[in-house]
Number of protein chains: 2
Amino acid sequence: MENFSSKLLQSAVDEFSKLPGIGKKTALRLVLHLLKQQEQDVETFAGAMTDLRNNILYCSKCHNISDSEVCHICSSANRDKTTVCVVEDLRDIIAIENTGQYRGVYHVLGGVISPMNGIGPDDLHLDALIQRVTTDNIEEIILALSTTMEGDTTNFYIYRKLQDHKVKLSTIARGIAIGDELEYADEITLGRSIINRTPYQVSTSSTKK
Amino acid sequence: MENFSSKLLQSAVDEFSKLPGIGKKTALRLVLHLLKQQEQDVETFAGAMTDLRNNILYCSKCHNISDSEVCHICSSANRDKTTVCVVEDLRDIIAIENTGQYRGVYHVLGGVISPMNGIGPDDLHLDALIQRVTTDNIEEIILALSTTMEGDTTNFYIYRKLQDHKVKLSTIARGIAIGDELEYADEITLGRSIINRTPYQVSTSSTKK
């Protein structure tokens, strides 16, 4: 795959294959696709990437990607500012927003503590979270990090830092997905969903599938 | 997935998801990766794409992507200029070159005749191929197009255009891949590999797996 007839082509393919999950063959396919587009379209593609990187802002409150100094969630009058959901990155916010079930605000850590990858507390927006609890009138922190060792470590770090503050700490419920059969659930999830069982409620709204 | 907090992010994701095989979720993952890179690295990425599109040359002989007016294969003294292998695009050349078995030159059509997609003979480098046969001293044309109806149509078009020329036309052999079991071969391939059987040769070089 290294025997390209053109250095320009070679460097375009090399650049594409630096992206996660993009191998040399996929990179070549994408580059050949771009080659078939109008010059203007390729300029637009390239410009969107550099514009984003050079002009992106992060919300000064929650550190979410934003076009303004405070993001549209943090500046919304309809959101409950006393509840903060702690997430790893933007994709988690999109997922939670898509449920339509959350009216609080967020705090984006930018990852989780991972000594193996050289990511310590100082590389994340952890101090800013503690600061928000200290200065803002926050009543509840919902931890929504991944259930990995790194996520658990980060949860524990936040717990230790906040244990002297009067703030309620909770984690999102983990259990069997709605519609899933118990037979196929993994044992850890099933075990935890029994321990964390919730009182039976007669459904008043339409049942979700 | 449409509820992005940033127009810059939205347009970067939109641009990425125009690429073939890249959905919105993958696009977001790639864009978030780029966001974590240095500004200079993103400039390099974007620059490689626009450089390629704006400065790319096509070999005046074989129409392969090239950095010079005649590509390194067509200008090589070691290649047999009397044999021309007709392919759809650059990826086929890479695949054939990787075998190390071909010493002739190529002709890139840029696709195959496909009325369904509005691709006629004039959209491909077919006239240029006929021209090469007329002016250059070409003895054999090897057709290496895909075995689809479009590929067959294109093969037939070339055959019709060249039937009055003294040039040998051949196609690459199709059959059971070396190492494959007959049991799992499709019937058309197996049938054709019986019809196009070749004389038994005692292998003198090392056997390929």
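Author: Let's start with buried area: the accessible area (1.4 Å probe) that two parts lose on being put together, summed over both. This is a predicted model, where local features need pLDDT of at least 70, side-chain atom pairs count only at pLDDT 80 or more, and totals for chains, interfaces and linings use all residues. Residues are numbered from 1 along each chain as its sequence is written, chains are lettered from A in the order in which they are written, and side-chain values use heavy atoms, with hydrogens and water left out.

Reader: OK, what makes up the area buried between chain B and chain A?

Author: About 5200 Å² is lost there, and carbon and sulfur atoms give 68% of that. Contact means heavy atoms within 4.5 Å, and by that rule 54 residues from chain B and 54 residues from chain A take part.

Reader: Which element gives the largest share of the side of chain B that touches chain A?

Author: That's α3(B), with 15 residues. Helices here are DSSP runs of H or I with at least four residues, strands are E runs of at least two, and numbering goes from the N terminus. On that side of chain B the residues divide into 26 nonpolar, 15 polar and 13 charged; Ala, Val, Leu, Ile, Met, Phe, Trp, Tyr, Cys and Pro count as nonpolar, Asp, Glu, Lys and Arg as charged, and the others, Gly among them, as polar.

Reader: How many salt bridges does the rule find across the interface?

Author: The rule finds 0 between chain B and chain A. It wants a side-chain nitrogen of Lys or Arg within 4 Å of a carboxyl oxygen of Asp or Glu. Over all chains, though, the whole structure has 10.

Reader: Why is the pair K61(A) and D136(A) called a salt bridge?

Author: Their side chains meet at 3.5 Å, N to O, and the limit is 4 Å, so the pair qualifies. K61(A) sits in the loop between β1 and β2 of chain A and D136(A) in the loop between α5 and β5, so the pair ties together parts that are 75 residues apart in sequence.

Reader: And why are β4 and β6 of chain B said to stand at the edges?

Author: The open sheet of 4 strands in chain B has the order β4-β3-β5-β6, with parallel pairing. β4 and β6 each have a single partner strand, so one side of each is left without a neighbour in the sheet.

Reader: How do you know that β3(B) and β4(B) pair?

Author: Two strands pair if DSSP finds at least two bridges between them. β3(B) and β4(B) have 5, in the parallel sense, so they pass that test. C85(B) stands opposite Y106(B) in β4(B).
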